[in-house]
Amino acid sequence: MPSSPAPTWTADIRFRIRHLLALKLVGVTVFTWLFFIGYFELLRHPANPVAVMPLTALDILIPFQPEMLVAYFSLWVYVGVAPGLQANFRELVVYGLWVGALCLAGLGLFLLWPTQVPPGMAGSSDFPGFALLQGMDAPGNACPSMHVAVAMFTAIRIDDVLRQARTPPWPRLVNWLWFAAIAWSTLAVKQHVVFDAVAGALLGIAFAVPSMHWRPKPARPPTRMFGRADIIPHR
């Protein structure tokens with residue numbers, strides 16, 4: 001029999017998105033809900049005196065940009081992309097364990113060392129959703145920025161999947177631009193200072209890098225059989 005042609009990267013990505021889709025949607029929703037329970041509990045009831053994070057020259061130079069709230073809120077879509085691209089149940093579970101460990105580490109830091117941005121740093125705006133942000137997410141639990149930490153973890157893991165799928169450069173570029181917009185938005189809407197964002201990025205890297213070494217062997221890409229694309233994942 002002639003050998004099967006090499007799968008296309010789009011076939012690989014389509015399979016990853018479709019496979020276990022309902023479980024992925026429910027899992028990401030429940031995980032996010034559980035994280036916010038812990039986050040807001042620590043935000044409203046800090047266990048230790050709250051330290052105020054210092055401003056840098058860059059913080060002073062960055063103007064208040066309420067329109068960046070769109071990118072800020074987009075994190076809650078972005079965090080679902082990487083688990084949505086896991087190819088099988090084992091990969092999904094191990095991914096969840098790693099990102100769960102990241103979130104627990106962040107909450108542990110907030111418990112031991114509560115922080116906040118300087119009072120009055122954020123301005124006021126009529127931009128849609130801004131009043132909701134200020135009403136729900138007080139400027140505490142600042143360092144490390146979990147927004148940046150989770151976004152960095154997500155960006156690295158998405159890039160890894162796209163590299164394995166041998167996509168053209170543009171999806172990987174879009175991924176990193178999305179991450180950059182989220183990271184910038186934390187500073188532009190004045191929810192965080194530069195030290196928070198840098199610490200968040202380092203925390204995300206600290207969990208993302210080992211998560212790519214201690215995980216199940218990546219699934220095989222799609223194989224074209226009988227005129228259609230199928231995938232045979234590793235068992």
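**A buried asparagine**

Select Asn 175, which counts as buried because its relative accessibility is 4%, where buried means under 20% relative accessible area, exposed over 50% and partly exposed in between (1.4 Å probe, protein chains only). This is a predicted model, in which local features need pLDDT of at least 70 and side-chain atom pairs count only at pLDDT 80 or more, while totals for chains, interfaces and linings use all residues. Residues are numbered from 1 along each chain as its sequence is written, and side-chain values use heavy atoms, with hydrogens and water left out.

Asn 175 lies in helix α10 (residues 169–188); helices here are DSSP runs of H or I with at least four residues, numbered from the N terminus. Now show its surroundings: leaving aside neighbours within four places in sequence, Asn 175 is in contact (heavy atoms within 4.5 Å) with Tyr 78, Ala 155, Ile 158, Asp 159 and Leu 162.

**Aromatic rings**

Rings of Phe, Tyr and Trp (its six-membered ring) pair if their centres lie within 6.5 Å, with planes under 30 degrees apart counted as stacked, over 60 as edge-to-face and the rest as tilted; by this rule there are twelve aromatic pairs. Select Tyr 39 and Phe 110, an edge-to-face pair with 6.2 Å centre to centre and 75° between the planes. This pair links distant parts of the chain, 71 residues apart, with Tyr 39 in helix α2 (residues 21–44) and Phe 110 in helix α7 (residues 89–112). Both Tyr 39 and Phe 110 are buried.

**An exposed valine**

Finally, select Val 26, found in helix α2, which counts as exposed because its relative accessibility is 52%.

Note on methods. Helices (H or I, at least four residues) and strands (E, at least two) are DSSP runs, numbered from the N terminus.
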